[in-house]
Amino acid sequence: MPKTDLLHEAPDTAALASSPGRGNTGGSSAGLSAGRAGRGNRRFGPDSLKGIIVKIVLLGLVDALAVYVLMMLFLSQSWAALAVSSLVVLAINWIYLRKGGLPAKYLAPGVLFLLVFQVLVVFFSGYIAFTNYGDGHNSTKDDAIAAIQLTAQKRVPDSPAYKASVLTKDNSFYLLFTDPSGKVQLGSNGEPLADAPGAGKDSTGKANSLPGYETLAFQEIVASQQEILKITVPVSDNPADGTLRTADGSSAYQFKPALSFDAATDTFTDTETGAVYRDNGKGAFADDNGQTLSTGWKIDVGMDNFARAFTDPSLRGPLLGVIIWTFTFSVASVALTFVLGLFLATTFNREDLRGKKVYRILMILPYAFPAFLSGLVWSGILNPEFGWLNQTLLGGANIGWLTDPFLAKISVLVVNLWLGFPYMFLVCTGALQSLPTELDEAARMDGASAWRVFRSIKLPLLLVSVAPLLISSFAFNFNNFNVIYMLTGGGPRFADTDRDIGATDILITLVYKVAFGQGTGRDYGLASALAIIIFIIVATISAISFKQTKALEDVN
Amino acid sequence: MKVHNTLATQTSRRVFATGAISVVAALALSACGGSASSAPGSAAAKPDLKAAGAGTITMWVDAERSPALKDITEKFKTDTGIEVKLVVKDFAAVRDDFITQVPTGKGPDLIVGPHDWIGKFVQNGVIAPVELGDKAAGFQDSSIKAMSYNGAVYGVPYAVENIALLRNTAIVDAKASTFEDVVANGKKAVAEGKSTFPFLVGMDPKQGDPYHLYPLQSSLGSQVFGKNADGGYDAKQLLIGDAAGVEFAKKLAAWGDAGEKIINSNITGDIAKEKFLAGESPYFLTGPWNVPDVQKKGIKFAVDELPAAGGSAAQPFIGVNGFFISAKSANALATNEFVTNYLTSEAAQDSMYKAGGRPPALKASFEKAASDPVVAAFGKIGATGVPMPAIPEMSAVWADWGATELAIIKGQADPAEAWTKMAASIKAKIGG
């Protein structure tokens, strides 16, 4: 499909790899609504009994699913999603249960899927562009604080390992500890260890019962795990000795937090050095030297990501080169594939050509392979020393087809030509066959040469139907991730940047590398901002180009 | 006719409406019932685990490891009544999926993966430490060291992996003690027409392969990061750019395309394997994952210690696979029980070895597996290795490191200059 949906496709290789080939037109929404077309068979007459039954069953299924979803949302207390979903369910029922309003009945499923899978995703990407979402800023502040507290719990060095049993009395929980020497002590949340005389032991020497208390079996422990995991038993009155906790209900260890959190001042304090970590306003806790704690949280950063796209020196330098190459690549790809496709289509359109079908099938083969697979195969063919091209065709030459910056660009274009011409061939063949033959004959009667007929009659007529496809092909190639990523991975690398950006990187691979690349960790915020910039570029060019094609139609 | 149809329509609608209402009512009632029974569960005699949301543990695994875990999960279910749901995920995406899913509360309780994910996981606050207590002593030191991060253990290891030098004994019959000897033997074999390539190691045509070259680098005394007091890597001590590193860069240029062609930038991992299987080289620097194919091909080979090119020991990076617990597991206690008391068992570690062929991390299981001389040899070499750095800063190192090594091997850059520039670039990324 023409890639106006680049925002969500951008960061996801799997989606990119599986996205249908170049320039498939025909939206998915049409297909979806077609599935519902069997419903109202006569346009304005009353529904037939069969129609009503089908309608009830289908709507019943949809509603059953909807009720299930709404219940799950209710249970997980997602109120906003619940409200929106309820409205959608009501709207669907209203559309299909009322009389008339046939267009809405056809359009509703498609529009719904469009909203969910396209519009929502686009808006979500837009939102991400204004946050610092990425590695180290992965969730909410509460989550970050919980994670820091969790990882700050360090086992007291050389402390003994205790065996533990969970007991209960008057609806509160107690832990019964047996230390390595066999000494038995009892404790509960916040209450220090106390001796527990009269404890019963099992065969391994682990204390497992105490008069007046009830021992919990494993299932009971698991059922109340949230409370039991929270039990921290101070080892003594001295906080430096740490606290005892159990993670599995059968063993306990002495822990001491390396950092303590003060909710009132919203700060972490290092229990050893006394360093204080404060919220630095950038989604992390930092001390006075700017040293941050490892886990941060997601915050809104306004236009920062857009500013960074243009000011970050490691991005700014290569960005211009990447933009120029992206344009060169997409324009050249469209031009080359169109010229070759048109040439072959014209050639194979001769009526007296034998075995036309065989040739046509052969022509379409490159189109039938997944692009990412072809990319990998070509990358092997073009290997300087072991590749088939250098070794067999060029007699053992050592030409760096993918490693020299200039040759790599040529290689990418050639491979993309190989991948892309079948589409143009198909499109042009179809368009040529729909041209009226009388025009051709009339021109020939007037004494026009074949070239003249092609130039003045066929090509202008062809462009009317093909021009919009050229624009969509441009938009597709502008974001042609597969061929670049699988063939060169964007390389060879530029020497003048820290980032893993190279001579054949186009904007979309750059975005991918920023979001998922190994360079500096994932940065969804910056990647979304870049994706929005790409969207603006592609949308602008497409809009202008579509205006231009109107002029083509006027000619005729 | 028309009247009949309208009637039918009306009746059907009424039936439908009644049906829908009753369904909603039934579901709503059952929901209330569900939540009502789980509320007062604290001291109830027969707690319903499912109602408390603790009936299952969800674990993300890849297709290869899933069958190996069947037995131990069944044992856990018989013992405790808790089911471990093994969800098979695409290994390439599982790390990032885990990081994005855990904060939403929809992530799994448990995940399998290599230890160098820990840094990213901790940075994103998605995993919880695991206290192994005395059980830690049963594991190989290197595996526990690899699982330790910021002074705490974050995972239960089950396999240790490292590379070694495979030698085709039909071409070179004696073990070499230094890399110079390896090079000399390889060249001799080429000169005598017994092979085509003196030495094989796979290079990614885009990224190079610092992982495979690291033993050579470390044998010249060059390391990536220094270590802090607790033995973990310290991002503030970036050592890669020191004099030893530059020395390695110079050697790399000498071994590279413009020099002796010992390390060939055009030989990818696949080509290297293919050539070794074809008997075209006496040496292949690789991991245990390529051994089954070599055995299948019937090539007689030995697993040699890594050759040192300089004065220090050639230390390979070791990669440790293990199990990690989600920081937001709703069933943390049962998950901890499963991880610390079941997955650490000999039976579990044995069965993971049988399925994956990776040398076990549990000493008892390793000793059993070491009856296979190949496993024993890899294990012995692994004992000298260092854990691959797990700190998040490491991800800033790989890209620069690989690309620079590749450029040096290709002879496109002055080794000393490129190496120093690389170190500066890495430092800038880590610092900023």
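**A walk through the model: loops, sheets and cores**

Hi everyone, let me start with one residue: N171(A) counts as exposed, because 8 C-beta neighbours lie inside 10 Å, and a residue is called exposed at 12 or fewer. Before I go on, please keep in mind that this is a predicted model.

So where does N171(A) sit? It lies in the loop between β2 and β3 of chain A. For background, most residues other than glycine have a negative phi.

The loop has another residue of this kind, D170(A). That residue is also placed between β2 (162-169) and β3 (172-178) of chain A. D170(A) has a positive phi of about 50°, again without being a glycine. Is D170(A) buried or exposed? It is exposed, with 7 other C-beta atoms within 10 Å.

Strand β4 (residues 184-188) and strand β5 (residues 191-195) of chain A pair in the antiparallel sense, over 3 bridges. If you want a pair to look for on your screen, Q185(A) stands opposite D195(A) in β5(A). Between the two strands there are 2 residues, and in this hairpin G190(A) takes a positive phi near 85°.

The order is β11-β8-β12 (chain B), and the pairing is antiparallel. β11 (283-286) and β12 (301-304) of chain B stand at the edges with a single partner strand each, so one side of each has no neighbour in the sheet. On average, neighbouring strands of this sheet are turned by 25° against each other, direction ignored. Strand β8 (residues 164-168) of chain B is connected to β12(B) by 4 bridges, and the two run antiparallel. One pair to find there is R167(B) with its bridge partner A302(B) in β12(B).

As a general point, in soluble globular proteins nonpolar side chains tend to be buried together. In this model, the largest nonpolar core has 164 residues, and the members that touch the most others are L175(A), L176(A), I127(B), Y154(B) and L200(B). Which helix gives this core its largest share? Helix α15 (residues 394-410) of chain B does, with 10 residues. Apart from that core lies another, of 61 residues, among them F338(A), Y423(A), M486(A) and A503(A).

Leaving aside neighbours within four places in sequence, its contacts include I267(B), A272(B), F276(B), Y283(B), F284(B) and L285(B). K275(B) and S281(B) are in contact with L200(B) as well.

Last, the overall layout of chain A. The chain is divided into domain 1 (35-128), domain 2 (141-257) and domain 3 (307-555). How many Å separate the centres of domain 1 and domain 3 of chain A? Taken over C-alpha atoms, the separation is 39 Å.

Terms used
Residues are numbered from 1 along each chain as its sequence is written. Chains are lettered from A and ligands numbered from 1 in the order in which they are written. This is a predicted model: local features need pLDDT of at least 70, side-chain atom pairs count only at pLDDT 80 or more; totals for chains, interfaces and linings use all residues. A nonpolar core is a set of buried Ala, Val, Leu, Ile, Met, Phe, Trp, Tyr and Cys residues joined through C-beta atoms within 7 Å. A residue is buried if 20 or more other C-beta atoms lie within 10 Å of its own, exposed if 12 or fewer, and partly exposed in between; C-beta atoms are placed from the backbone. Two residues are in contact if their C-beta atoms, placed from the backbone, lie within 7 Å. Two strands pair if DSSP finds at least two bridges between them. Axes are lines fitted to C-alpha atoms, for helices over the stretch in contact, and angles run from 0 to 180 degrees between N-to-C directions. Domain bounds come from an automatic or database domain assignment.
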